[in-house]
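Subject: Structure handover, side-chain contacts

Hello,

My notes on the charged and aromatic side chains follow it.

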Amino acid sequence: MLRLTNKRREEASVKRALTLENEIELIEGCRAGKDSARKELYTLYSKQMLAVCYRYTGDVDAAHDVLHDGFIKIFTHFTFRGECALSTWVTRVMVTQAIDYLRKQQRFSQLVVNEEQLPDIPDEAGIAETGGRISEEMLMAFVAELPDGCRTVFNLYVFEEKSHKEIAEILHIKEHSSTSQLHRAKCLLIKRIKEYTEYERK
């Protein structure tokens, strides 16, 4: 049993090494501007990145536009330096591209919310319990329905794990505006999830 376990570990190590070797080859190919490497990169990440773009834009057509422009930027200026995983870097490019798109569309005009108008929200345990009742796909659809400002803050805080200070710097807003938008996003999501679950019970 021990030998079998060790063998599996060795096989896993070889698999990881091959994966790393393939990724290095892919990175070098993209740096050299090879079409085959670019095609492979697009094939590997386009579906995942389209979902990221959609989370930020809330619109399928806009998500495709952002995805296209994001990959053009990647292929034109492949600046990956290995400071993180390749997938993480590609995601960062797409997030930046999505935020630039929203900014150019002037869709951050209502980013500031009066905190006195914000209702109380349940604690984190209550949020997790409510969210656990629906599929991830449905939850992502509800996130896409959020208004542009709070959807962007929610994405940056939850998925990109940015602090409110970092979000404020990225979006050029006050830090308290970021906290307000996150609060609003949670309120809207919980309301939407409850409406959905109540409808499903009927």
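Aspartate 35 is exposed, at 59% relative accessible area; here exposed means over 50%, buried under 20%, and partly exposed in between (1.4 Å probe, protein chains only). This is a predicted model, so local features need pLDDT of at least 70 and side-chain atom pairs count only at pLDDT 80 or more, while totals for chains, interfaces and linings use all residues. Residues are numbered from 1 along each chain as its sequence is written, and side-chain values use heavy atoms, with hydrogens and water left out.

Salt bridges

Side chains of opposite charge can pair when their charged atoms come close. A salt bridge is counted when a side-chain nitrogen of Lys or Arg is within 4 Å of a carboxyl oxygen of Asp or Glu. The count is 4 salt bridges.

One of them joins aspartate 35 to arginine 38, with the closest N and O atoms 3.9 Å apart. Arginine 38 is partly exposed, at 24%. Both residues belong to helix α2 (residues 35-57) and are 3 residues apart, about one turn of the helix. Helices are DSSP runs (H or I, at least four residues), numbered from the N terminus.

In helix α4 (residues 86-104), arginine 103 and aspartate 100 are also 3 residues apart. Their side chains form a salt bridge at 3.5 Å, N to O. Arginine 103 has a relative accessible area of 29% and aspartate 100 one of 25%, and each is partly exposed.

Helix α7 (residues 148-158) holds arginine 151 and aspartate 148, 3 residues apart, about one turn. Their salt bridge has an N to O distance of 2.6 Å. Are these two residues, arginine 151 and aspartate 148, buried or exposed? Both are buried.

Aromatic rings

Rings of Phe, Tyr and Trp (its six-membered ring) pair if their centres lie within 6.5 Å; planes under 30 degrees apart count as stacked, over 60 as edge-to-face and the rest as tilted. By this rule there are 7 aromatic pairs. Among them is the edge-to-face pair of phenylalanine 154 and phenylalanine 159, at 6.3 Å centre to centre with 70° between the planes. Phenylalanine 154 is buried at 10%, whereas phenylalanine 159 is partly exposed at 32%.

Phenylalanine 159 also has the charged end of arginine 55 over its ring, 3.9 Å from the centre. The rule for this is NZ of Lys or CZ of Arg within 6 Å of the ring centre and within 35 degrees of the ring normal.

Elsewhere, ring pairs link Tyr42, Phe71 and Phe75 into a cluster.

Regards

Definitions and conventions
Helices (H or I, at least four residues) and strands (E, at least two) are DSSP runs, numbered from the N terminus.
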